[in-house]
Amino acid sequence: MAEKRLMHAMLFDSQEGEEDLRIDCAIDDEGSLHVMQVSSGPLTSWCFEEPEHSVETIVPVQSVSGLLDHLELDTPGQLLAALQIDYAGRYEASQLIRSLVREAGGEYEVVEHAVQR
């Protein structure tokens, strides 16, 4: 069963030129943070030998709590708002969020979705 995404924030969406990149984040019903990055276009095809490439960073509940403390926030909704304020429009938002999680002493998992060939 697919997990329910309760809160969502767009961080980056570019469809300029030939390459598309979209990065957004969400808090699921368990309280984990998911940062999804999807690219498509000729550069993606050349790098990954597939038309679309998807990577997801998953920050578990314990690390989300650490981020809230680190950023002096009260709720996961505030965390999404803070991430959107700090990283909206940044093509490297996924990497910056992983750095922030490490800075806060947290852990995360990066899942590269299976190549469809």
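S39 stands opposite H53 in strand 4. In this predicted model, local features need pLDDT of at least 70 and side-chain atom pairs count only at pLDDT 80 or more, while totals for chains, interfaces and linings use all residues. Residues are numbered from 1 along each chain as its sequence is written, and side-chain values use heavy atoms, with hydrogens and water left out. Helices (H or I, at least four residues) and strands (E, at least two) are DSSP runs, numbered from the N terminus.

Strand 3 and strand 4 run antiparallel and are joined by eight bridges; two strands pair if DSSP finds at least two bridges between them. Strand 3 (residues 33-40) also pairs with strand 2, again in the antiparallel sense and over eight bridges.

Strand 2 (residues 20-28) is mostly covered, with seven of its nine residues buried. Buried means under 20% relative accessible area, exposed over 50%, and partly exposed in between, with a 1.4 Å probe and protein chains only. In a regular strand the side chains alternate between the two faces of the sheet.

## S14 in strand 1

Strand 1 (residues 5-14) holds S14. S14 has a relative accessible area of 15% and is therefore buried. Between S14 and Y91 there are 77 residues in sequence but 8.5 Å in space, C-alpha to C-alpha.

## The largest pocket

Rolling a probe the size of a water molecule over the atoms shows where empty space is left. The search uses a 1 Å grid over the protein atoms alone: a cavity is a set of points where a 1.4 Å probe fits but cannot get out, and a pocket is an open set with protein on both sides within 12 Å along at least five of seven lines. Lining residues have an atom within 4 Å of a point. Grid points are joined across faces, edges and corners, and a volume is the space filled by probe spheres set on the points.

The largest pocket holds about 230 Å³ of space. It is lined by 16 residues, of which L21, Q37, Y91, S94 and Q95 are the closest to its centre. Two or more residues of the lining come from each of strand 3, strand 4 (52-59) and helix 4 (93-103). Strand 4 gives the most, with five residues. By type, the lining has six nonpolar, seven polar and three charged residues. Here Ala, Val, Leu, Ile, Met, Phe, Trp, Tyr, Cys and Pro count as nonpolar, Asp, Glu, Lys and Arg as charged, and the others, Gly among them, as polar.

Helix 3 (residues 76-87) has 12 residues and reaches 16 Å from its first C-alpha to its last, close to the 16 Å expected at 1.5 Å a residue. The expected span is 1.5 Å times one less than the number of residues. Its buried residues are L79, L80, A82, L83 and Y87. They lie on the same side of helix 3 because they cover an arc of only 160° around the axis, where the arc is that of the directions from the helix axis to the C-beta atoms. L79, in helix 3, counts as buried because its relative accessibility is 0%. L79 and S63 are 16 residues apart in sequence and 12 Å apart in space, C-alpha to C-alpha.

In helix 4, the residues A93, S94, I97, R98, L100 and V101 are buried. Seen down the axis, these buried residues fall within an arc of 160°, so they line one face of helix 4. An α-helix has 3.6 residues a turn, so residues three or four places apart point the same way.

## Positive phi in loops and after helices

Helix 3 is followed by G89, with a positive phi near 85°.

E49, with phi near 55°, is in the loop between helix 1 (42-48) and strand 4. A relative accessible area of 58% makes E49 exposed. E72 has a positive phi of about 55° and sits in the loop between helix 2 (61-70) and helix 3. E72 counts as exposed at 72% relative accessibility.
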